[in-house]
Amino acid sequence: MAEDIARCIETQGTLIAEAGTGTGKTFAYLAPALIWGGKVVVSTGTKTLQDQLFRKDLPLLRKAIGAPVMTALLKGRANYVCHYHLGRAESQGRLASRQDVGYLRSIVRFMQSTRTGDRAEVVDVPENASIWSQVTSTRDNCKGIECPNYRECFVMQARREAQQADVVVVNHHLFFADLMLREEGVTDLLPTANTVIFDEAHQLPEIASLFFGRTASTAQLLELARDTVAEGLVHARDAVHWPAALAPLERAARELRLAFPQDVVRLNARQLPPSSVLFPALDNVIGALGDLERLLVQQAERAETLEQCLRRARDLSERLTSWRDTNQPATIRWVEAFSHSLQLHQTPLSVADTFRRAREAHASAWIFTSATLAVKDDFSLFCGQLGLDDARAKAWPSPFDYENQALLYVPEALPDPLSTGYTAAVVRAALPVIRASGGRAFLLCTTLRAVKLAAEELRLALSEEGLDFPLLIQGDGTRSDLLERFRALGNAVLVGSQSFWEGVDVRGKALSLVIIDKLPFAPPDDPVLAARLEALAEMGGNPFMDYQLPSAVITLKQGAGRLIRDETDRGLLMICDPRLISKPYGRRIWQSLPPFKRTRQIDEALAFFDTCNLSER
């Protein structure tokens with residue numbers, strides 16, 4: 001694999017490289033990149049892998065090769081504490097809770113000793129704490145060179161290091177945000193990059209769709225109102241009563257969120273009736289933004305920060321007006337509601353042409369790698385989504401001995417996955433296997449609703465059977481916290497959804513059983529998916545065989561990949577969905593998985609654990 005990547009770098013070509021678990025793909029792309037030299041940008045799917053590459057893999061390989069290269073880690077600006085916004089949060093004292101007061105003290109203490117300002121180093125403040133939005137900057141509210149803390153800014157420090165480095169490690173979200181917005185520094189790196197490498201590349205189509213589209217949210221509106229009040233009181237206190245002037249925008253933003261009483265909903269705009277309260281609420285927001293624009297035009301010359309608020313108001317007004325326009329070809333307009341915010345999205349039907357143009361604009365070697373890019377050695381879905389028609393694609397299988405290390409078990413007599421009571425049937429079928437494995441299990445569900453149902457059923461079943469296996473459930477802590485507890489306990493059962501299907505590495509005896517409740521077909525009511533399937537059908541394609549099935553296979557391969565992480569691991573993969581056997585497409589699915597031995601007999605599944613010597617692993 002390293003030799004193929006070296007040839008790709010030499011010829012400035014494009015290579016799609018699927019590398020099975022245990023291949024050593026990180027070293028396979030880093031070694032030739034370091035040896036060949038030049039500027040290298042490595043983009044990862046998660047900040048966890050980003051940190052591992054920068055802090056572990058790169059130093060190890062750099063020392064082994066003896067390559068005198070400079071490396072840098074670059075994250076999005078929201079990952080760095082901002083001196084200016086931290087000072088403002090301290091002085092204003094407008095915190096949501098007493099808990100936030102404690103978190104703020106921790107961040108202030110952290111800032112007294114940190115060299116990087118990276119919020120990941122603040123271990124006693126949760127990553128989802130609301131305080132972070134008040135002590136970090138965004139592209140919209142960064143003061144830039146006007147900031148009194150510009151010289152000591154951690155974002156600027158990280159950019160400078162990235163521009164000087166030979167190897168820069170970023171993540172996909174930052175890469176695409178910068179490619180589109182030309183704000184965060186990657187566009188300064190890309191023109192000089194000899195090599196661009198995407199690890200966990202299977203995530204790219206979805207992330208590219210997010211960034212090649214446009215979004216406006218009620219959270220952005222409220223943040224604009226908050227920042228305008230703060231800057232107005234500092235630079236133009238005499239001009240107007242700022243809290244009263246911004247109250248209509250705040251009220252309109254909250255009324256827009258209340259247009260959807262549900263906590264979580266995703267809808268295509270075409271599904272909304274003309275009488276929907278969303279449209280008058282949206283018009284009210286656009287009107288309030290217009291009033292704010294007129295006010296800020298009169299005051300903007302007093303300070304660059306007020307001018308910045310004016311630009312933000314105009315940008316949000318343009319985005320919302322564009323979303324309101326029903327004549328948007330090749331674009332999906334949809335709504336997503338959360339507990340406290342509403343987002344209005346415009347997503348392109350396809351990102352292939354846009355990404356192709358972005359790639360062709362930079363004469364570099366482009367390398368895309370992941371453990372899951374193909375369906376039975378067919379890369380057409382991935383290539384089509386990103387416009388990689390000119391790419392060479394190749395797969396390297398895992399070196400693990402799956403036939404002897406693992407068993408695939410598909411239980412008999414389970415009901416149709418769409419039937420009532422299916423999750424309860426899954427838990428009943430899994431219980432004997434969980435008992436035989438001594439816990440040490442992941443139960444991976446395709447929806448959060450199934451996670452909740454499965455956890456309730458499993459808690460009751462374990463209690464009735466007198467099985468003392470700790471039960472860990474997604475949502476009861478952060479992913480890293482749950483994984484740390486899972487490894488430490490040694491006999492736990494973890495019930496999780498999408499967060500645990502990929503990017504999770506548990507080696508050894510702690511994980512000996514992976515149970516998957518259903519084949520991971522994307523929900524057909526997803527507004528973006530539904531629009532893409534409709535467009536595919538109109539072009540004469542087969543939406544299920546050309547899109548839904550390959551996508552499900554790639555996701556299933558990710559989930560199955562949690563089981564065997566090392567050449568000494570042994571374990572059982574239990575896929576409960578009877579469609580794997582009963583449907584004609586089932587063969588294509590299981591043939592895309594690693595070459596496990598297979599069984600449908602519960603006795604063989606239970607006997608497998610007798611051969612594993614779990615207590616000695």
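Which helix supplies the largest share of the lining of the largest cavity?

The structure is a predicted model, in which local features need pLDDT of at least 70 and side-chain atom pairs count only at pLDDT 80 or more, while totals for chains, interfaces and linings use all residues. Residues are numbered from 1 along each chain as its sequence is written, and side-chain values use heavy atoms, with hydrogens and water left out.

**Stop 1: the cavities**

Cavities and pockets are found on a 1 Å grid over the protein atoms alone: a cavity is a set of points where a 1.4 Å probe fits but cannot get out, a pocket is an open set with protein on both sides within 12 Å along at least five of seven lines, and lining residues have an atom within 4 Å of a point. Grid points are joined across faces, edges and corners, and a volume is the space filled by probe spheres set on the points. Two cavities of 30 Å³ or more are counted.

Select His85, Arg88, Ala89, Gln92, Gly93, Arg94, Gln134, Arg226 and Ala230 to outline the largest cavity, whose volume is about 100 Å³. Helix 4 supplies the largest share of this lining, four residues. Helices here are DSSP runs (H or I, at least four residues), as are strands (E, at least two), numbered from the N terminus. By class, the lining holds two nonpolar, four polar and three charged residues; Ala, Val, Leu, Ile, Met, Phe, Trp, Tyr, Cys and Pro count as nonpolar, Asp, Glu, Lys and Arg as charged, and the others, Gly among them, as polar.

Next, select the lining of the second largest cavity, which includes Tyr84, Asn141, Asp227, Glu231 and Arg312. Its volume is about 60 Å³. Helix 14 gives the most to this lining, with four residues, and the lining divides into two nonpolar, four polar and five charged residues.

**Stop 2: the second largest pocket**

The second largest pocket has a volume of about 520 Å³. Among its 27 lining residues, select Arg139, Cys142, Lys143, Gly144 and Gln308, the closest to its centre. Helix 4 (83-92), helix 7 (154-164) and helix 14 (304-324) each supply at least two residues of the lining.

**Stop 3: aromatic rings**

Rings of Phe, Tyr and Trp (its six-membered ring) pair if their centres lie within 6.5 Å; planes under 30 degrees apart count as stacked, over 60 as edge-to-face and the rest as tilted. This rule gives 19 aromatic pairs. Select Phe368 and Phe382, an edge-to-face pair at 6.1 Å centre to centre with 70 degrees between the planes. The pair joins strand 10 (residues 365-370) to helix 16 (residues 380-386). Phe368 and Phe382 are both buried, where buried means under 20% relative accessible area, exposed over 50% and partly exposed in between (1.4 Å probe, protein chains only).

**Stop 4: charges over rings**

A charge sits over a ring if NZ of Lys or CZ of Arg is within 6 Å of the ring centre and within 35 degrees of the ring normal. Arg333 sits over the ring of Trp323, 5.0 Å from its centre. Select Arg598 next, over the face of Trp590 at 3.9 Å from the ring centre.
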